[in-house]
Every structure is written in structure tokens, then in C-alpha cells.
Amino acid sequence: MSLTMKPVIRPCRFPSTTTQTLPKYVPIRCCTLTQPTSRQLTKSIEDHRRFKSWEHTLISPVEYDRTASVFTSKAVKLGDRWKEYQGIQDWEGLLDPLDENLRGEILRYGYFVEAAYKSFEFDSSSPTYGTCRYPKSTLLDRSGIPDTGYRLTRNLRATSEIQLPRWIEKAPSWVGTQSSWIGYVAVCQDKEEIARLGRRDVVIAFRGTATGLEWLENLRATLTPLPNAGSNPSPDGSEPMVESGFLSLYTSGTPESPSLQELVRREVSRLLQTYGDEPLSLTITGHSLGAALAILTAYDIKTTLKRAPMVTVMSFGGPRVGNRSFRCQLEKQGTKVLRIVNSDDLITKVPGFVLEEDDNVLKNRNVHVAGLPSWIQKRVEDTQWVYSEVGRELRLRSRDSPYLNSTNFATCHDLKTYLHLVNGFVSSTCLFRATVKRVLNNHNREKVACLNS
């Protein structure tokens, strides 16, 4: 195979080197940023209110081809290599070029996040706004991913601690929605799927930002110390700190609604009692805000539960979460994090800033910035705006896809875009494979499909 570099990026064509048969169609959807709404604006007050609702502009439905799925017996059997794909060796040798089995696993967990979006009630005029649209028994089927082999065991809610001023009571009720459904816990129950995966898998999936108070929490970008983390300082003596708003959404609760932290701890503890004697994995996945909550959840589980299984985070388009000491604690406890990052996505570059780190980052936690005196560097480190990237990174770029017409802010952060890029990425030298096509349906609704050569 020979490749010629040209100004216009062209997809790579190459013979398959794997025995895996990719599904004929891999439909993709989802977004936490503004997309055009299909609801026509009318002059009626009710429709005007609906149009103004953030949630109606945050997500665009996409039809699934239910005849094709990565959740089938035809998928590649992971068997004894499941820990490798869960990151036991930090995905060494699997990311560049992207291993086909790992590609399938990333997409599979992305669809669980997809289901969390489709199940959320975005209609602010509905009395059930902010809740889950479907019962646990049918959520996965009705959100477009049947035959997963997984069964939902717990719905999850997140609560904001922000107290709005009294005059906000005159605003529509959705503005001040304090607690809302944000995801779920599901357990693999199908014997054939358990055999294929090589273990029983527990999934925790989180959607991204949807409600007004969640957006406000995102803006609380200063770092705050983790509760009860003072006894576990990093090698340089600093304490673990995370973004204030993310921590608020994870730990806040009300008398009527337990905190997300409490819900997760209860359910994971129960599942460990039930399945703790068999091979077990815990995979936490999310997009945008959900990616940040996934990392906090993983940290909390490994910190508080003595018999915690292998914990892996699959993060899509996630913002930064914590400081260098927080990252040290994640590494020390053995939490594995794979961040899928779009270089053209601004959300992955916020909040705060990251200082350059030494090559021997695992041995030496000192940071340095070329040309800056050490005393200035120390002052910078002492601020509450210095973050650190966690885990391993699969870096993609919207500009590398020949099939994406737009690289605007919203499109680059769209979960649909992320899954399209995962589908198409080959390696750093062969950026996009020719088997990924963009298809427009009769209603000019764009979706992405993966077509066999």
C-alpha cells in the first residue's frame, strides 16, 4: 500500500488484516450542543415556550438500523484478552493503529451513552420534564439498541446545589429544575454475551449537559478539594482537587432525591455482593458532562469500595476534571481511563489550563514552562485553575474526515461526530478509512454509516 499526501484529505483504502466482520451499518447520533430543531416555531405561547427550551435544541433524533448491531453473537470474542481491551496495559499498542476489536468496544459503550440521551425527557412543557422516558425493562430496546444482553438495574439522578434567587420562581419551572435523570446502571445477563466478553460487565452510562442548573454548574470551573482526600496526598504533597461544579452534581442531594454518589455506591455495592465471586468488570462511560461524572464515579468507587473490580472509563468529548494530584490518585488506585478526544472540540480544552509536564511524568510530578522562573511556576501551580489530563488519549480530528462538511463548535462536540471519527480512524499515518460514508436520508437528515468495502 502506498499513500500520497495531498492538500485534500482522502480516505485510506487497504486490505483487511483482521478476521472481524464489521456490521454493515453503524448508525450514530447524539449531541449535547445546539442542533436545529425539527419543531416549527408558531405564534402560540405554548410553542414559543417549547422553542425557548434548551433541551429541544440539544438533540436531534436519528433512526437506528435494528438489523445491525455490535451487540450480537457475530461480534469478535474477547475471551481471555478482555482485560487488555479494558486497559490493563493502558491500551499499549492498540491505539495507533486503532485495533479493530477496541474500535468495536469503544462504539459499543458509545451506544450506551446514546441510549441515555434518547431516554431523557427534554420537553420542558411536559410534566415529566427531566425524568426518564422509558421504564427500565424496555429502555435499551426503545432507545435503539436491542439485543445488548444487558439489563437495567438502577436509574441515576444528579442534583445541583446552586440556589437560585427568589425572583426566578416567576420563570418557567424547567429553569430551576434542581434534580434530573442523568443515566443508568446496567448489568450483562446474557450467557452468550458474557462468554463473548470473557466476564460479566457492569455499565454505568451518563448523558451530557441538559438542564439550566447543569449548565451553571459547568461554569463553576475553579478547583475544590475532594472530601476526605487529605490522607492521600500526591508525591509532591498537594491534595487532590476537582472542578467545583462537577463535584457538586456528583455529591449534592436533597431529602427527596439522594445524591448521585449515594445512588452509585448503593447499587455497585449490591452488585458486588451478587456477582463478586465471578469475573467482573465495571465500565463507566459518558459524553461531555457525563464524561466528567464518569471519572469522578470511577475515583469514588475505587476509593470507597474494598472489593471493587477492574474499573474502566470510556470518555467521549470530556472536559478536564481535576489537578495533577487527582490524576496521581487515579493512577495509584489502578483506574483506567481512555479519553476519546476531538482536537477540534473546544470542550476538551477547558476548564482552566494545563502546564507542560516532564517526560518522566510517572516518576516526577514537577511541571515546568519553558522560560518561566521557578517561583512564577510555583505561583501558577498554587492557583485553582491548573488542571491535568488523565488516562490515555485517542486523539481524533473532525478535519480528517472527508465526509464532514462542517467543523463548527456544535458539530465538533456532537457525540455523533465522535462515533463517526472512531469508526473511520485508522492511524496517525492513514487518517481515515474509505469504508466510512456519509448518507443523507430523504428528509435531508444527516447520519453516518459504516459500509463494507
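Q: Which residues line the largest cavity?
A: In this predicted model, the lining is made up of Ile-295, Gly-318, Pro-319, Arg-320, Val-321, Gly-322, Arg-339, Thr-348, Ser-388, Glu-389 and Val-390.

Q: What volume does the largest cavity have?
A: About 50 Å³.

Q: And how do the residues of its lining divide by class?
A: Four are nonpolar, four are polar and three are charged.

Q: Which residues line the second largest cavity?
A: Val-202, Val-268, Leu-271, Leu-272, Leu-280, Ser-281, Leu-282 and Pro-309. Two elements, α8 (260–275) and β6 (280–287), each give at least two residues to that lining.

Q: What about the classes in the lining of the second largest cavity?
A: There we have seven nonpolar residues, one polar residue and no charged ones.

Q: How does anyone find empty space like this?
A: A probe the size of a water molecule is rolled over the atoms, and that shows where empty space is left.

Q: New topic: where is Asn-323 found?
A: Asn-323 sits in the loop that links β7 (310–316) to α10 (324–333).

Q: Is Asn-323 buried or exposed?
A: Asn-323 counts as buried because its relative accessible area is 8%, and the cut-off for buried is under 20%.

Q: What does the side chain of Asn-323 reach?
A: It comes to 2.9 Å from the backbone nitrogen of Phe-326.

Q: And which residues does Asn-323 touch, leaving out those up to four places away in sequence?
A: Asn-323 is in contact with Leu-223, Glu-239, Pro-240, Met-241, Val-386, Tyr-387 and Ser-388. Ser-388 is also one of the residues lining the largest cavity.

Q: Let's switch to Pro-172. Where does Pro-172 lie?
A: Pro-172 is in the loop between β1 (150–159) and β2 (179–188). With a relative accessibility of 42%, Pro-172 is partly exposed.

Q: How far apart are Pro-172 and Ser-124?
A: They are 48 residues apart in sequence, while their C-alpha atoms are 8.7 Å apart in space.

Terms used
Residues numbered from 1 in each chain as written. Predicted model: local features only at pLDDT ≥ 70, side-chain atom pairs only at ≥ 80, totals over all residues. Heavy atoms only, no water. Helix = DSSP H or I, 4+ residues; strand = E, 2+ residues; numbered from the N terminus. Buried < 20%, exposed > 50% of the residue type's maximum accessible area, 1.4 Å probe, protein only. Polar contact = N/O pair within 3.5 Å; in protein donor to acceptor, adjacent residues only side chain to side chain. Contact = heavy atoms within 4.5 Å. 1 Å grid on protein atoms, 1.4 Å probe; cavity = no way out; pocket = protein on both sides within 12 Å on 5 of 7 lines; lining within 4 Å. Points joined across faces, edges and corners; volume = space filled by probe spheres on them. Nonpolar A, V, L, I, M, F, W, Y, C, P; charged D, E, K, R; others polar.
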